[in-house]
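The following note sets out some points on the model shown below. Please read them alongside the sequence and the coordinates.

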Amino acid sequence: MNKKIKICIVRSKYNDTSQLLKFATKELFKRKIFYKIVEVPGAYEIPVVIARNINKFDGFIAIGSIIKGDTPNFHYISSAITNSLMQLSILNKKPVGNAVLTCLNKKQAKQRFNKGYEAAIAVCEVLNAK
């Protein structure tokens with residue numbers, strides 16, 4: 001059954017997301033689940049790429065890292081992405097694992113690299129529940 005499941009990982013190139021990706025792909029590989037990686041410039045572009053590919057995959061993993069700066073932009077971007085990912089998941093009845101970090105600094109982000117693994121696990125468990 002797992003060989004039929006197709007996952008799309010949409011990864012932001014902004015900030016370092018390589019370890020998030022590593023943890024997610026390691027879990028999918030272990031489960032023998034097919035995945036495709038699509039890279040986008042920043043986390044804000046993740047929802048539109050998922051929406052564009054919603055009918056091509058069974059589930060999605062969003063990978064990004066938003067580090068708070070000196071402006072309130074952090075809050076707007078974080079909220080917009082989280083709300084968009086949830087809306088896409090609910091409206092299309094497909095799991096979207098959220099590994100978009102929203103941290104106050106790079107140290108916090110490094111401590112949360114396992115979120116890629118957790119997002120992969122969540123998507124896999126939801127798909128197996130069907």
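How many bridges join strand 1 to strand 2?

1. Strand 1 (residues 6–12) and strand 2 (residues 34–40) run parallel and are joined by seven bridges. Strands here are DSSP runs of E of at least two residues, helices are runs of H or I of at least four, and both are numbered from the N terminus. Two strands pair if DSSP finds at least two bridges between them. Within strand 2, valine 40 stands opposite serine 12.

2. This is a predicted model, in which local features need pLDDT of at least 70 and side-chain atom pairs count only at pLDDT 80 or more, whereas totals for chains, interfaces and linings use all residues. Residues are numbered from 1 along each chain as its sequence is written, and side-chain values use heavy atoms, with hydrogens and water left out.

3. The open sheet is formed by four strands in the order 2-1-3-4, with parallel pairing. Strand 2 and strand 4 (96–103) stand at the edges with a single partner strand each, so one side of each is left without a neighbour in the sheet. On average, neighbouring strands are turned by 15 degrees against each other, direction ignored.

4. Strand 1 also runs parallel to strand 3, to which five bridges join it. In strand 3, isoleucine 61 stands opposite isoleucine 9.

5. Helix 3 lies across strand 3 and strand 4, at about 170 degrees to strand 4. Helix 5 (residues 115–128) lies across strand 1, strand 3 and strand 4, and runs at about 160 degrees to strand 4. Axes are lines fitted to C-alpha atoms, for helices over the stretch in contact, and angles run from 0 to 180 degrees between N-to-C directions.

Terms used: Contact = heavy atoms within 4.5 Å.
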